[in-house]
Amino acid sequence: MSTKTMKRISIDPITRLEGHGKIDIFLDEAGDVANAYLQIPELRGFERFCVGRPAEEMPNLTARICGVCPEAHHMAAAKALDAVFHVDPPPTGKKLRELFYSIFYATDHTTHFYALGGPDFVVGPDAPPAERNILGVVKKVGMDIAGKVLKMRKDGHNLIQMIGGRRVHPNWALPGGVSRGITEEQRKEIEARGREAVEFAKFSIEIFNKIVLGNPDYVNLIKNDAYVHKTYNIGTVDANNKLNFYDGMVRVTDPDGKEFAKYHARDYREHIAEHVEPWSYLKFPYLKKVGWKGFVDGKDSGVYKATPLSRLNAADGMATPLAQKEYERMYDTLGGKPVHHTLATHWARLIELLFAAERWVELATDPEITGKEYRVLPTQTPTEGVGCVEAPRGILTHHYATDERGILTMVNLIVGTTNNNAPINMSVAKAAKGLIKKGKVTEGLLNMVEMAFRAYDPCFGCATHFLPGQMPLEVTLRNPQGEVIERLRQNLG
Amino acid sequence: MATEKGKLAIYWAASCGGCEISLLAINEKILEVDKAFDIVMWPCAADGKVHDIEKMADKSIDVCLFNGGIRTSEQEYMARLLRAKSKVLVAFGSCAGEGCIPGLGNVSNREEMFELNYLKCPGLDNPKGVVPQTETEVPEGKLHLPLFYDTLKTLDQTVEVDYFLPGCPPEADRIWDAIVAILEGKLPPAHSVIGENSTVCDSCKRVRSEKKIKSFKRTWQIIPDPEQCLLEQGLLCCGPATRAGCGALCPEVNSPCIGCYGPTDGVHDFGARLMSAVASVIDSQDPDEIRRIIEEGIPDPIGTFYRFSLAKSLLRRSRQNGHHATPATQEATL
């Protein structure tokens, strides 16, 4: 195949992960898909310019990596600082951090389900693009839903500000704990909103049951081979191998669902390595002990996924009762563990939403949560440490080393979506191959490609979509001279 | 603009998305924005592709809210394009206005960042030394990436900016104030900041007395009193030099202001302003003691005084000596 005859389809921009994304799909002479590439055209260089800064700056500096999930960076940084300063936060400090994090999770997952991922199912993948958005969801499910979703998000953000200082970019976590605790009055407010959040999560799962699972076409779509990738899965588990977002051991399961590795975050370098491609500024992490075999799935390929579904696959269950029930029901429905259907990630995300809300209430009613000992001062010389949390979009690792004054000498970050860089590329290619035959590009392709990577919620999940609701996509089909043959658009103007 | 719907563009360059989240935190009022404007471009939410904008007549967009600094050739192109097409261009948030945290990258350069990120950082498996290229030949054809610049520039170092909306991110209420000012045509003089012109100290509830400091403390070294001024307790709070607008949210949770709202009117260099404010509270006349207090308590002058504003400051970036940047920490001294 001469490269001269290849046709190219560009999707640009596809909005952001640390900036923007761009997809190039190449067609061979027969007009079938030869390959697809997801390129990330930006780098911001945090690992370099954070060197020389005082380590305690990191929860604030790294929050600016992502304004969608600054809470995740704030927490991972704080945990890395605990390790760097050899200090163990008191129970109240840890619980406050996890409470804060649970509220953030519930808020963030709500946004994804109602504004980004959900409309494909609730309104339907074949619905006209103009309806496939949050407004379409409102029309189909009822007018009061918009109010519920808005309230859930608003309450979540207000509590995040109450506890952490600001709605976006908190200024609160420190080595050894947090800068301020909560009062009984605040606790009551947090508990009340948490109980509403549990109801909201149950209501969201009901919607999914009725509209998605009640429709055989949708169940078949979830099970469609075009959306299956048998990869390794990664997630954080507690002492009972139940999922935890804030703390625990990192567990990797193989494509058959067997435990492949279980390690402390500080040992991540023994398990995760990063591959570089010249055509993207974003690196490609993979399992070091399996090795990089390219953009392929299976047991011999080190490619892994780090998504809500991966976390459920990597865990033995959920640590709260209602979420556990839903967890069992999902695996019963989809034929047992592990589930490799990328689109089932939306279901897994709702189960996580319920877990986050239940955990929020558990922690808000914990007798220690209003304790005055939310912080201890470090006394030892700072050295080196790793901090890890489950960001909504994948496990997040911060690794710092300092001099004896606590000035950073090394920073390494593996951020949520980056984990999924290889699988997203694979999912896009597979969906494209399944759809584009003999050079024919249909409008269906636009949404199918979109659905393939939207399941990962690759950090363009900005809370945004209350108005237009859906990512704009444009596919441009060019001949080898770069002239436009055909242009397909959806959700544009 | 009252009778006819205006055209609004929202764009992000080298930014984190937090400005967009904050914009959405105006909640129901976003519907009023929708009523007043057709949104012609908003990559993270909807509508509008680059070539749609390219086809528009100059000055046909009424307002463009532009967040993010300028780090790549693509971002520079978008800044120039949106400037040409917009009547009013607003540098929206700290990144566009003063470079913000990504502007700290100006202590380094492309070569160093690439070397660290792709060749040296722990856990890399890159035996062939692959580094991203602006053009790559893959079996199927050529792939392109935008050029990554050595220096991050602010929006107004790239094109003319009409107004600035400070904050990392701007608080939702202040964004709404600005939208109302735009809708009602009650804008301040061109090139100025839309916002308050007092300092964070003016809106901080903490109790202040005479500030006299014998040593600066790092945030992990003390548990500050919840009522007393943080600077008086030795924490390097940026409140005295920072524009109000946030409602002093960080001191409210016992954390010092980190200066994300930038300087007040007429101050060209935030760091210099903060340094003079800080210098005036040191309780010593002895040069050696003053030096010791500063060196021990403020180990990173660049990151402390220019946390959000290095790109905009008089320093701008570390010196480029051939391809090797001088560590900027050596350049800034009190």
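Axes are lines fitted to C-alpha atoms, for helices over the stretch in contact, and the angles between their N-to-C directions run from 0 to 180 degrees. The model considered here is predicted. In chain A, the axes of helix α11 (residues 321–334) and helix α12 (residues 345–364) come within 8 Å and cross at roughly 165 degrees. Because angles over 145 degrees count as roughly antiparallel, α11(A) is roughly antiparallel to α12(A). The crossing of α11(A) and α12(A) is left-handed.

The residues that bring these helices together can be named. From α11(A), A:L322, A:A323, A:E326, A:Y327 and A:M330 meet A:W347, A:A348, A:I351, A:L354, A:F355 and A:E358 of α12(A). By class, this contact of α11(A) with α12(A) comprises nine nonpolar residues, two charged residues and no polar ones.

Attention now turns to the chains. Their contact draws 82 residues from chain A and 74 residues from chain B. On the side of chain A that touches chain B, the elements giving two or more residues are β2 (22–27), β3 (33–39), α1 (46–49), α2 (58–63), α6 (144–164) and β9 (272–275). That side of chain A has 38 nonpolar, 23 polar and 21 charged residues.

The largest nonpolar core has 243 residues, of which A:I351, A:V428 and B:F66 touch the most other members. Helix α4 (residues 91–122) of chain A gives the most to this core, with 14 residues. A:I351 is also one of the residues of α12(A) that meet α11(A). In chain B, leaving aside neighbours within four places in sequence, B:F66 is in contact with B:Y11, B:A79, B:L82, B:L89, B:V90, B:A91, B:F92, B:A96 and B:L155.

Key: Residues are numbered from 1 along each chain as its sequence is written. Chains are lettered from A and ligands numbered from 1 in the order in which they are written. This is a predicted model: local features need pLDDT of at least 70, side-chain atom pairs count only at pLDDT 80 or more; totals for chains, interfaces and linings use all residues. Helices (H or I, at least four residues) and strands (E, at least two) are DSSP runs, numbered from the N terminus. Angles under 35 degrees count as roughly parallel, over 145 as roughly antiparallel, 65 to 115 as roughly perpendicular and the rest as oblique. A crossing is left-handed if the near helix is turned anticlockwise from the far one by less than a right angle, and right-handed if clockwise. Two residues are in contact if their C-beta atoms, placed from the backbone, lie within 7 Å. Ala, Val, Leu, Ile, Met, Phe, Trp, Tyr, Cys and Pro count as nonpolar, Asp, Glu, Lys and Arg as charged, and the others, Gly among them, as polar. A nonpolar core is a set of buried Ala, Val, Leu, Ile, Met, Phe, Trp, Tyr and Cys residues joined through C-beta atoms within 7 Å. A residue is buried if 20 or more other C-beta atoms lie within 10 Å of its own, exposed if 12 or fewer, and partly exposed in between; C-beta atoms are placed from the backbone.
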